[in-house]
Amino acid sequence: MSSVWGKILHDLRNPLFRQGYALMANTVVTGVLGMGYWLLAARLYSPEEFGRGQAVITAMRLFASLTALGFVGALARFLPVAGRRTPELALRGYGLAAATGGVAALGFLLTLPMWGKTYSAVLSGFWPGLFFLASVLVWAVFTLQDVVLTGLRRATFVPLNNLVFGIVKMGLLVALAGALPSGGIFVSWVIPTALALIPVNWLIFAVVVPRHVEKSDASQEPPRLREIGRFLAGDFPGTLSILGIVYLVPVVIATQVGEATFGRFSMAHTLASMIELLAMNMAVSLTVEGSFDRAKLAENCRRALRRAFMIVTPIIAVAILAAPLILTVFGSAFADEGTTLLRLMSLAVLPRVLIEVYLSALRAQSRARALATVQIGLAVLVLVSTVALFPYTGVNAVGYGLLFSELLVAVLIFGNLRKILKFGETRTPVVTQGSSGAA
């Protein structure tokens, strides 16, 4: 036990692992509190209201993430080397994400009848629509503030932020169960999110950013907007495609099934997505560290792969074996309808580890065209296979589509990934940003 603890302490001195472990801890915190939140929601609200709450939150996250998730790769890539332009880059990301998300949400509200009775029942009318629009703006900034902290090597603040957010969210859910039986789930999700923006962004712009700028090498030229634009031109279309897998697929499912069925589908989908996030967390840290020191990219890729597989493999095994027991906590109907989906999506995380590490290495190398090719190809495979299988396997088509598509893409990129693992990129000079172990 002491040797394991010693290894962990040794890992924490390495920014790659410190950042990755912090983001994984955040996923665990978010997952545990999320399960508690949805367990309370299942007990306090009707099955139909549970499904409506899940559907509206999914739609909100879809539109908020249209640009926000598109900036994740760019911020992780360029914030570490932005120097004096760090606050400008972060604020531009916030503004563009909120603006484009708001425009997309407005288009959604204006075409509400096309999206099925679930959304029409909840969001029709001026005030519900305005609250939904505001929630999209709030969630866009909330999404990016964690990325900004990670890009500035302060990911250790992220789990603390989401711990407080999760606890407040659960408390408000209980408080609104009697006062607001219709819409209470969505309101309890949005209000704590809005409140969390104030202290976290004060921390970012009053403390973290000034320290980062102070430590920056004055001779290092910050990235130009044209350089960032070229990167986004390749990364954004691909990221937008991946967004279709994460958020658009559940929204499409919500238009095809009843509210109660969607609630049960969404619970299995949410749990499996949390396992997938564990793999993505280490990959985001890899992008940040690869931007600081690209000469160590191959070594960091190998380390990230080993740690990611070491952590997610036992979790996947537990999810596959215990899926019925896990879902039964929410009710027997959740286990009946969600077990196969949870198992399939959990198994798909194994090839996803390889894909995410490869994508992060491409971002660190600014290989935008390859990024777009892999991401768009994966998204097309998932969406086409899901739509093709839905008439035969129902909501389980999402799991079959993910597993097939991610296995195929992992096989196709494996040769290039091996080259990165073996050789890395040693031609680019190291970026100096304080010590390599700076917190």
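Five salt bridges are counted in this predicted model, a salt bridge being a side-chain nitrogen of Lys or Arg within 4 Å of a carboxyl oxygen of Asp or Glu. Side chains of opposite charge can pair when their charged atoms come close. The model also holds a largest nonpolar core of 123 residues.

As the model is predicted, local features need pLDDT of at least 70 and side-chain atom pairs count only at pLDDT 80 or more, while totals for chains, interfaces and linings use all residues. Residues are numbered from 1 along each chain as its sequence is written, and side-chain values use heavy atoms, with hydrogens and water left out.

**Salt bridges within one helix**

- Glutamate 49 and arginine 52 form a salt bridge, at 3.2 Å from N to O.
- Both sit in helix H3 (residues 47-68), three residues apart, so about one helical turn separates them. Helices are DSSP runs of H or I, at least four residues, numbered from the N terminus.
- Glutamate 49 and arginine 52 are both buried. Buried means under 20% relative accessible area, exposed over 50%, and partly exposed in between (1.4 Å probe, protein chains only).
- Glutamate 88 pairs with arginine 92 in another salt bridge, with the closest N and O atoms 3.1 Å apart.
- These two residues are four apart in helix H5 (residues 86-110), so about one helical turn lies between glutamate 88 and arginine 92.
- Glutamate 88 is partly exposed, at 34% relative accessible area. Arginine 92 is also partly exposed, at 42%.

**A salt bridge between helices**

- Glutamate 406 meets arginine 352 in a salt bridge, and their closest N and O atoms are 2.8 Å apart.
- Glutamate 406 belongs to helix H15 (residues 397-423) and arginine 352 to helix H13, so the pair ties together parts 54 residues apart in sequence.
- Glutamate 406 is buried, with 0% relative accessible area. Arginine 352 is buried as well, at 2%.
- A network of salt bridges links Arg352, Glu356 and Glu406.

**Nonpolar core**

- A nonpolar core is a set of buried Ala, Val, Leu, Ile, Met, Phe, Trp, Tyr and Cys residues joined through side-chain atoms within 4.5 Å.
- In the largest one, the residues with the most contacts inside the core are Trp38, Met60, Phe108, Tyr119 and Phe132.
- Helix H13 (residues 332-364) supplies the largest share of this core, 17 residues.
- Tryptophan 38 is in contact (heavy atoms within 4.5 Å) with Phe50, Gln54, Ile57, Ile185, Trp189, Met267 and Phe330, leaving aside neighbours within four places in sequence.
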